[in-house]
Amino acid sequence: MPDDAGARRQNGTGLGILLALVCAAVLLTALPDDDREGGDVCPARTLTSWAPEERITDEFARYGDDASRVDDWTGGDGTHSVRLPDGRLLWLFSDTYLGQVYAPPNPVGESFAWRDASTPLVRNSAVVMSESGRLETTLPAPVFPDPAPQQWRWPVAARVEPRFPGASEEVVRVLLWTRTAGQDPWIYGVPTATEVATLSLPDLRLEGITTVLDQSSVADPSRRVLFGTTTVDAGEWTYVFGGDDGQAASRPVSKAYVARVPRGGLAEPGAWEYWDGERWAVRTAPKPVLGDGQRTGVGSAFSVVRDEGTYVLFTMAAGAAGLTTVTSYWACSPTGPWHGPTRSFSPRLPQGEVAAYNPQVHVELSDDDRLVLSYDVNWLDATGASAQANLSRNVSLYRPRFVTLRLGSAP
């Protein structure tokens, strides 16, 4: 469940970026000489409009409420997707409810579909959507087994790439975040490692998992960096973005980091290069590219796309707005400098003590005119004691929602 909801409940990821953020009033229209990629200055890009994407949201509601099976997905978060070569879309989730869903009214008389509050979670799941856009089946869950007692794996970004550089056979690579059970403020797990899983095609069978970056030796958990919240292809490189968990300790806003891998090399740890603040290096401590730890920064899960040569980053806003508001930054290079935050928007939320988190762009559903972005919803609970009960009495809460965005030139 890679994002910001965990400190508010016992299952899931961190939800709040808790300091107020002063938004930039003026966007830079002229960039310094080092703010370039490919020798050109990129255009500033910002959000121009947004609208709910009801069709995809309703499809997840239909599938989740289907009571014909008890081993399929009924709710989850950490929403990521990847298009498969045969046209299917693979959806990956972190903490997930399976089990039975019952028609309303729920046990307290409300008109919500519901599940038994004792229904257990699995730590990850995968759901297959047909090329036509209909959700069809849930893979046996969990797809990615726990690496050790009191540890679990959350899937994040995924992509199809050659089994090895130059090969004609393709596989699915899934980036994983390994976490270890911890105490407050790490009630949603201590960040431990970044891994890459390989799934075969077309049967989506797990072949193996490789550790890319082990962070267990970093003494301060708030400074451990996990990569894979989002990936972007540019030229011969795949850029892999990540973040720390600064919001869970004394630093309330996470920082963004970036690594790069030759395209097709995600499962090769020695091929990863990390930005150290000045250059790319294979064995180095990564340095942040965005976030001052107080006023600017990201949630622990965010999304980056490339639009007209400009990198655009979507994240929950800082401060109390981070419970309801998605904002963005832009840059001409993955390493920055990043400008913003720019225009924000507040997507629809269901009634109750809930919050939005984990904004993710799904390029597989987007086109030249629009971006499709999902956000997850969770119950706000400082202790976690009532979260599961509230998510079970109304199963529609703990599911992704979708919006369409349009970008344009910044003023």
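Author: Happy to: we'll chat about a few strands, a loop residue and some charged pairs.

Author: One thing to keep in mind is that this is a predicted model.

Reader: Good to know. Let's start with strand 23, is that mostly covered or open? How many of its residues are buried?

Author: Strand 23, residues 401–409, is mostly covered, with seven of its nine residues buried.

Reader: And which sense does strand 1 take when pairing with strand 23?

Author: Antiparallel: strand 1 (residues 45–52) and strand 23 are joined over seven bridges. Within that pairing, Thr46 has Gly408 as its bridge partner. Strand 22 (residues 371–379) also pairs with strand 23 in the antiparallel sense, over five bridges. There, Tyr375 stands opposite Arg401.

Reader: What holds paired strands together, in general?

Author: Strands of a sheet pair through backbone hydrogen bonds.

Reader: Nice. What's the strand order in the open sheet of five strands?

Author: The order is 13-14-15-16-17, and the pairing is antiparallel. Strand 13 (226–234) and strand 17 (280–281) each have a single partner strand, so one side of each has no neighbour in the sheet.

Reader: How many bridges join strand 16 to strand 17?

Author: Two bridges join them, with strand 16 covering residues 273–275. Tyr274 has Ala281 in strand 17 as its bridge partner.

Reader: Switching topic! Where is Ser68, and is Ser68 buried or exposed?

Author: Ser68 lies in the loop between helix 1 (54–65) and strand 2 (75–76). Ser68 counts as exposed because its relative accessibility is 58%, and the cut-off for exposed is over 50%. The Ser68 side chain also makes a polar contact with the side chain of Asp66, at 2.9 Å.

Reader: Which are they, buried or partly exposed?

Author: One of each! Arg123 is partly exposed at 23% relative accessibility, while Asp95 is buried at 1%.

Reader: What about Arg223, which residue does Arg223 form a salt bridge with?

Author: Asp220, with the closest N and O atoms 3.4 Å apart. Elsewhere, salt bridges that share partners join Arg163, Glu169, Asp203, Arg205 and Glu207 into one network.

Definitions and conventions. Residues are numbered from 1 along each chain as its sequence is written. This is a predicted model: local features need pLDDT of at least 70, side-chain atom pairs count only at pLDDT 80 or more; totals for chains, interfaces and linings use all residues. Side-chain values use heavy atoms; hydrogens and water are left out. Helices (H or I, at least four residues) and strands (E, at least two) are DSSP runs, numbered from the N terminus. Buried means under 20% relative accessible area, exposed over 50%, partly exposed in between (1.4 Å probe, protein chains only). A polar contact is a pair of N or O atoms within 3.5 Å; within protein, one must be able to donate a hydrogen and the other to accept it, and residues adjacent in sequence count only if both atoms are side-chain atoms. Two strands pair if DSSP finds at least two bridges between them. A salt bridge is a side-chain nitrogen of Lys or Arg within 4 Å of a carboxyl oxygen of Asp or Glu.
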